[in-house]
2 protein chains.
Amino acid sequence: MRWVSGGVAAAHGFRASGIHAGIKRSRKPDLSLVMADGRCAAAGVFTLNRVLAAPVVISRQRLRAGAAQAVLINSGCANCLTGAAGSRDALALGRAVASALGLAEEDVLLGSTGMIGRRLPVATVLRRVPVLVQQLSRSHHEAAAQAILTTDLQVKEAAVEARVDGQPCRVGGMAKGAGMIAPSMATMLCVITTDAAVPLPLLRSLLRRAVERTFNRVSIDGDMSTNDTVFALASGLSGARVRPGTAAAARFEHMLEAVCDRLAHDIVRDGEGATKMMTVRVRGARSPREAQAAARQVAFSPLVKTMLAGSDPNPGRIAAAVGASPARFNPARLDIRIGGHRLVSRGVALSVDGAALRRLLSRPDVRVDIDLHAGTGEGLMRTCDLTAEYVRINAGYAT
Amino acid sequence: MRWVSGGVAAAHGFRASGIHAGIKRSRKPDLSLVMADGRCAAAGVFTLNRVLAAPVVISRQRLRAGAAQAVLINSGCANCLTGAAGSRDALALGRAVASALGLAEEDVLLGSTGMIGRRLPVATVLRRVPVLVQQLSRSHHEAAAQAILTTDLQVKEAAVEARVDGQPCRVGGMAKGAGMIAPSMATMLCVITTDAAVPLPLLRSLLRRAVERTFNRVSIDGDMSTNDTVFALASGLSGARVRPGTAAAARFEHMLEAVCDRLAHDIVRDGEGATKMMTVRVRGARSPREAQAAARQVAFSPLVKTMLAGSDPNPGRIAAAVGASPARFNPARLDIRIGGHRLVSRGVALSVDGAALRRLLSRPDVRVDIDLHAGTGEGLMRTCDLTAEYVRINAGYAT
């Protein structure tokens, strides 16, 4: 498997475009389109929030059919808390794009990200649809990735190539920031494309599993958005056939997870105000579920995240977070390491050289290892530090 | 019922003292003692963290007997992650105080707050025990309240008087900040004293209920400490007898809850870096449990708390937090008000005057009302804003 360029249009049979369509006042790109040459097997994973944006409701409904040919995403407006009018807005926009592409309306998936509670300027956006469609090109993947961003500082693209079922096959994708409902912006969005031929039930289960292992293991601020969506479209144009239980399926799953993992990684690294990353590994839990719960509690703790921001070694905060989690363990057996250095051994804090520890915490990617010595369950979370810049970004400038 | 001065020594039969005993480098007061004239019915509520400080383990054990005569609390050191040595430290300190007071060792309850993972300087502290005991006085309640603080800016004391069972009766207490494991400091501590005669089982159940309704309904940063403790001691010296199911019991419960509520209020107001408070009320939930879960999710959300810090109106963040909670409701019926002004009606964001809303959010105590229209369950949480100052306090200066 090797990394390739091309992002969401790296796989055969996909084109993309991204333009400014009058939604963002900043005049930055805010409308993104991904188009397949033919109808694709399509799956999606959506936010578990009870309050759902209009495009989430529509796309979830459309994906019941298991097929789609295009994905239309806008940034700058979440189209959430907008009621029936918001649904009509989303439908009108999707219909216009479907019509311009010569597709059935139901074959266009929709996503939105941005301010919650505001309406889309539909009339303005509709006037830009012809340009959006005209710009479609295999080389415009980065423009598409740019147009889904809100407060992200970096474009997030990834693509891999490997031989699957004897054929060179690609999986690619683009994403925007997660858990970072920035100056009122909602959310994490991702589009994955592949030229493998993947039967729908398998595509659905592999996507769900990849999301569970990657996007669901990162956190910026622990908030869950109303718009989170991951789409996957499989064109089959590589000729690689991926059947359940085969080596090809294992290879494809590996590729899919690699792309999702890279995008998830980039999302954390680009967290609002973030200056560094932290990877929290928990082992020795009574179950994988308890291990994951403990890792989440540590990764969500404001005190752990501010400690990271200040490179201020304080394993007590990590112990307190683990102890507050649902994981069952004997605190007298708890071990904690930071950057490989043991700081808590059998429940007792060791005295360590503060300056050396401060250097460990100053690295761009800090690793925390926690062993509960209560079983064989393992879990992992990635998060970033909580800085004054995060507060500055989120406290101001929404209106 | 009227508010009186006297804090933890307002009730008859209690004296208090607070001194610097060499634990804090700042030379601020760090050792606090509350002493009753005779043995009291005593109850406690402790942190649910699995990682427990030595004094928590010892005090929980001692309270099985249901009686105590003194409470010794140090600040500046949490005595947690200190293993068997930490237990020996706590026991030695308690034993010295018991001996100086002429009490049985088991009648002294212990509490600690401060840096996790450091040992108490026992030899130094022991030399100061005679002064601590000598300083005991009914008028030294504020010194005692001062000596349990870590990063708190304000002393937290409260006391009320009312006629119970025909007798003038008092409930008083002192507390230190909660949910704010400050530059590595752990925790919320509280000591409640009363001169009512309350049978042990009733004292235990009323204390647990009062804590549930007050301290468990406030949050600074959502972190759960290893040292949280609330003690209640009832001397009975007022002659007021509080029997289960009587008017006296109802009156006493009201007094107890008033004192706890005031202290909990003061804890939020004095949250690290806090500039204002927010009260989140949820009603119309399918159960009180779901209402409380929804209120917690809103009160814990970094995005809601930064919105508050910036007086930056954004009801979408509140809706997203409620939707992410375990509460079940129909989002098309969701109503949200801030400061009495309806911002979300039947799941749709209303267009409101941004400047007026900004003024509402600029108040020192902002009220958020959420109606799920799914039942009759109600819940309430109090929290403070998340500011850059919180990050500054917690990111630095631990070492």
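Colleague: Which strands make up the open sheet of 7 strands in chain A, and in what order?

Modeller: The order is β10-β17-β12-β16-β13-β14-β15, and the pairing is mixed. Please keep in mind that this is a predicted model.

Colleague: What makes β10 and β15 of chain A edge strands?

Modeller: Each of them has a single partner strand, so one side of each is left without a neighbour in the sheet.

Colleague: How do you know that β13 and β16 of chain A pair?

Modeller: Two strands count as paired if there are at least two bridges between them. Strand β13 (residues 335-338) and strand β16 (residues 365-371) of chain A have 4 bridges, in the antiparallel sense, so they meet that cut-off. To find one on the structure, look at I336(A), whose bridge partner in β16(A) is I370(A).

Colleague: Why is strand β2 of chain A called mostly covered?

Modeller: A residue is buried if 20 or more other C-beta atoms lie within 10 Å of its own. In β2 (residues 14-19) of chain A, 6 of the 6 residues are buried. F14(A), A16(A) and G18(A) point one way, R15(A), S17(A) and I19(A) point the other way, and all are buried. In general, side chains in a regular strand alternate between the two faces of the sheet.

Colleague: Which strand does β2(A) pair with, and in what sense?

Modeller: β2(A) pairs with strand β3 (residues 31-46) of chain A, antiparallel, over 6 bridges. Within that pairing, A16(A) stands opposite V34(A).

Colleague: What makes L81(A) buried?

Modeller: L81(A) has 28 C-beta neighbours inside 10 Å, and the cut-off for buried is 20 or more, so L81(A) counts as buried. This residue lies in the loop between β4 (67-75) and α2 (83-101) of chain A. There is something else to look at here: L81(A) is not a glycine, and yet its phi is positive, about 60 degrees. Most residues other than glycine have a negative phi.

Colleague: Why is R346(B) called partly exposed?

Modeller: R346(B) has 13 C-beta neighbours inside 10 Å. Exposed needs 12 or fewer and buried 20 or more, so 13 falls in between. R346(B) also has a positive phi, about 50 degrees, although it is not a glycine. You will find R346(B) in the loop between β14 (341-345) and β15 (348-349) of chain B.

Colleague: And what makes A65(A) exposed?

Modeller: A65(A) has 12 C-beta neighbours inside 10 Å, and exposed means 12 or fewer, so A65(A) counts as exposed. A65(A) sits in the loop between α1 (54-62) and β4 of chain A.

Colleague: How many residues of chain B are in contact with chain A, and which element gives the most?

Modeller: 57 residues of chain B are in contact with 57 residues of chain A. On the side of chain B, α9(B) gives the most, with 9 residues. By class, that side has 31 nonpolar, 20 polar and 6 charged residues.

Colleague: Why are the buried residues of α11(B) said to line one face of the helix?

Modeller: In α11 (residues 388-395) of chain B, the buried residues are Y390(B), V391(B), N394(B) and A395(B). Seen down the helix axis, they fall within an arc of 115 degrees, so they line one face. In an α-helix, residues three or four places apart point the same way. The buried residues of α11(B) pack against α8 (302-310) and α11 (388-395) of chain A.

Note on methods: Residues numbered from 1 in each chain as written. Chains lettered and ligands numbered in written order. Predicted model: local features only at pLDDT ≥ 70, side-chain atom pairs only at ≥ 80, totals over all residues. Helix = DSSP H or I, 4+ residues; strand = E, 2+ residues; numbered from the N terminus. Arc of directions from axis to C-beta. Contact = placed C-beta atoms within 7 Å. Nonpolar A, V, L, I, M, F, W, Y, C, P; charged D, E, K, R; others polar.
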